[in-house]
Amino acid sequence: MFEFLEHTSDVGIRARGRTREEALVAASQGLVSILVNPSPFRPVEERYFKAPGTDETAQIINWLNEVLFFFDTDGLVFVEFEIDSWTSGEITGRARGERFDIDRHEFRTAVKAATYHQFESHPTSDGWEIRVFVDV
Amino acid sequence: MQLEKIDDYRWLIPRTYKAGMLTDAVVYATEPLLEAIRRDQSLEQAANVAMLPGIVGRALAMPDIHQGYGFPIGGVAAVDGQDGVVSPGGVGFDINCGVRLLNSNLTLKEVKVKLRDLVHQLFRDVPSGTGQSSRLNISDNDLDQVLQKGPQWAVEHGMGSEADLDRTEERGCIAGADPDAVSARAKQRGKPQLGTLGSGNHFLEVQYVDEIFDEKTASEHNLVKDRIVVLIHTGSRGLGHQICTDYVGQLDVAMRRYGLDLPDRQLACAPIHSPEGQRYLHAMAGAANFAWTNRQLISHSVRGAFQRLFGEAVHLPVIYDVAHNIAKIETHLVDGKKKRVLVHRKGATRAFPKQPVFIPGSMGTASYFLLGQEGALYETFGTACHGAGRVLSRSAAKKGVTAKEIQKELESRGIIVQSLTREGLTEEKPDAYKDIEAVVDVVQGAGLASRVARLRPIGVIKG
């Protein structure tokens with residue numbers, strides 16, 4: 001579950017889940033929804049994600065930046081995310097999606113990067129919440 | 001926040017405002033503009049910039065300032081070239097995002113009759129880069145050359161002239177670019193995007209000279225009323241985005257090692273002369289050179305489109321090309337003494353005396369050709385504003401308006417728009433930005449840059 005937050009120049013995502021992993025999956029889906037209308041995409045191609053970092057913040061930022069990297073290089077739009085392991089040094093996992101086709105799909109807004117600005121990741125009374133601002 | 005009024009165009013955030021500020025911050029704005037600026041966090045961000053280790057003079061905020069991530073957009077900070085720090089966030093993800101203005105030998109009347117065809121042709125010939133790659137298909141070696149040489153590479157491959165380079169800031173090449181400082185990922189992201197416009201606030205506009213304020217300068221640049229010009233606004237695309245991403249991550253780790261601490265992790269920095277700082281500057285130079293090449297290649301496509309419709313005799317010489325997201329080593333007077341400083345310009349344009357400065361308005365509104373003034377050298381490290389500055393968030397801009405309505409409204413004013421996305425129109429609608437006239441009034445009133453000509457759009461291409 002995610003929602004977008006107001007910011008003058010950028011876009012914020014507030015993502016929630018029962019666990020930290022679920023919240024990260026929701027944040028990833030939020031990011032994809034800024035890029036494109038995700039509904040027609042199918043999970044037909046898979047990529048491995050590796051997001052190292054000295055702390056949780058850096059790891060989450062790096063994970064989200066994987067989404068942007070594969071969109072820019074392979075034109076891949078991911079609709080399914082799976083986290084395999086989350087250690088103190090890195091997150092590894094997989095994402096499945098389909099290649100973007102300008103004639104069939106709706107592109108929305110290009111995203112340059114996920115940022116550390118006003119970043120938050122913390123437990124809540126019923127799960128976990130991540131807040132991240134992306135530069136568009 | 002309590003601001004001290006210096007005069008009608010200048011406001012002071014004293015260094016006593018919050019702990020950690022090493023200097024004062026000055027905001028260039030009129031009272032009504034300041035009211036708009038106060039609505040977001042940009043003044044807090046300007047105060048945070050005043051905490052950058054090694055900052056000299058004052059932290060500066062241009063009249064188009066608005067909230068960014070870490071640095072405000074419209075923020076300027078010069079740090080000691082020896083002992084200061086470099087902050088990739090002070091340049092931004094879109095390294096050397098900038099503006100190039102092309103002149104022409106066509107009049108408004110000549111172009112108007114074929115305007116729709118021209119807009120379609122430009123839309124076809126200048127790829128946005130989303131779902132449509134660059135048509136160049138360059139090799140890895142070519143990309144390294146672009147990083148090192150900038151648009152000189154394009155000239156060597158028949159896509160421009162030496163005259164184009166003469167009219168580009170730094171002749172399109174910051175020395176010291178090192179392809180080895182640019183990650184394989186950044187190269188992979190940037191390579192298919194060379195020669196593409198991008199989306200978001202990037203655009204290509206066919207404009208005409210609506211009014212001339214400074215006849216002498218306009219005539220030096222061969223500009224007359226009703227002359228057609230073309231404004232290109234884009235940057236270093238995915239290459240720059242990835243370089244900034246890579247180095248914010250690396251400097252976030254390094255700064256702790258150097259004992260540096262700032263209130264926002266996105267301000268991550270390292271001493272200029274540290275290995276990490278130097279590597280970032282070498283990579284940033286590569287991205288800057290890539291961006292100048294990008295605007296050169298787009299110029300080449302634009303020239304082709306115009307010649308196809310208006311014949312081989314059509315010329316589109318460069319008037320000037322200037323960066324507005326960059327960090328550069330320059331020599332400035334600090335406390336009466338010449339000093340080498342690293343000037344971070346984040347959404348701010350270099351405005352040295354007699355140098356052309358282009359201030360794009362929001363979509364469908366006027367843009368300005370200004371000339372840098374002496375005042376900028378004395379107070380702002382030779383810097384002026386870079387645009388109108390957003391006031392509405394993107395989601396607020398989209399509310400209650402459709403892309404079709406905006407397109408229709410602009411057409412009723414004689415402006416033809418073609419955009420790859422609906423968001424390109426709704427998020428960038430004219431009233432999502434401050435009034436360009438008010439912003440230009442401030443830089444002129446403060447003596448940073450002066451009006452040469454007002455340019456009005458008739459054709460807009462958006463990614």
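## Close-up views of a predicted two-chain model

Figure 1. Where the two meet, 25 residues of domain 1 and 28 residues of domain 2 take part in the contact. On the domain 1 side, four strands of chain B each bring at least two residues: β12 (325-334), β15 (356-359), β16 (367-372) and β19 (449-462). The top contributor on that side is β19(B), with four residues. Sorted by class, the domain 1 side of this contact holds 15 nonpolar, eight polar and two charged residues.

**Figure 2. The largest nonpolar core counts 195 residues.** Within this core, B:Val27 and B:Met284 touch the most other members. Helix α11 of chain B, residues 275-310, is the element that gives the most to the core, supplying 15 residues. Both domain 1 and domain 2 of chain B give residues to the core, so it lies between them. As background, nonpolar side chains in soluble globular proteins tend to be buried together.

**Figure 3. A closer look at B:Val27, one of the two residues that touch the most other members of the core.** Which residues does B:Val27 contact, once its neighbours within four places in sequence are left aside? The partners are B:Leu3, B:Trp11, B:Ile13, B:Leu34, B:Leu43, B:Ala46, B:Ala61 and B:Ile65.

**Figure 4. Chain B meets chain A through 37 residues of chain B and 30 residues of chain A.** On the chain B side, the elements giving two or more residues are the helices α8 (184-190), α10 (237-257) and α13 (394-398). Helix α10(B) gives the most, with seven residues. By class, the chain B side divides into seven nonpolar, 19 polar and 11 charged residues. For the complex, the predictor gives an ipTM of 0.93 and a pTM of 0.96.

**Figure 5. A:Asn62 is in contact with residues of its own chain and with a residue of chain B.** Look for A:Asn62 in helix α2 of chain A, which runs over residues 56-74. Is A:Asn62 buried or exposed? A:Asn62 counts as buried, because it has 20 C-beta neighbours inside 10 Å. Apart from neighbours within four places in sequence, A:Asn62 contacts A:Ala51, A:Pro52 and A:Gly53 in chain A, and B:Gly249 in chain B. A:Tyr116 is 54 residues away from A:Asn62 along the chain, and their C-alpha atoms are separated by 10 Å.

**Figure 6. B:Lys114 lies in a loop between two helices of chain B.** The helices on either side are α3 (108-112) and α4 (115-125). B:Lys114 is partly exposed, with 14 other C-beta atoms within 10 Å. In sequence, B:Lys114 and B:Leu309 are 195 residues apart, yet in space their C-alpha atoms are 7.8 Å apart.

**Figure 7. Chain A on its own has two helices and eight strands.** Following the sequence, these elements come in the pattern β-β-α-β-α-β-β-β-β-β. The radius of gyration of chain A is 14 Å, close to the 14 Å that the globule rule gives for 136 residues, so chain A is as compact as a globular protein of that length. Its C-alpha trace spans about 45 × 35 × 25 Å along the principal axes. Of the 136 residues of chain A, 48% count as buried. Taking contacts in chain A between residues at least 6 apart in sequence, 62% join residues at least 24 apart.

**Figure 8. Chain B on its own has 16 helices and 19 strands.** The C-alpha trace of chain B spans about 60 × 50 × 45 Å along its principal axes. Of the 463 residues, 61% count as buried. Among contacts in chain B with a separation of 6 or more, 78% are between residues 24 or more positions apart. The average pLDDT of chain B is 94, and 99% of the residues score at least 70.

Definitions and conventions:
Residues numbered from 1 in each chain as written. Chains lettered and ligands numbered in written order. Predicted model: local features only at pLDDT ≥ 70, side-chain atom pairs only at ≥ 80, totals over all residues. Contact = placed C-beta atoms within 7 Å. Nonpolar A, V, L, I, M, F, W, Y, C, P; charged D, E, K, R; others polar. pLDDT = per-residue confidence, 0-100. Core = buried A, V, L, I, M, F, W, Y, C linked by C-beta atoms within 7 Å. Buried ≥ 20, exposed ≤ 12 C-beta atoms within 10 Å, placed from the backbone. Domains from an automatic or database assignment. Rg over C-alpha atoms; globule rule 2.2 N^0.38 Å.
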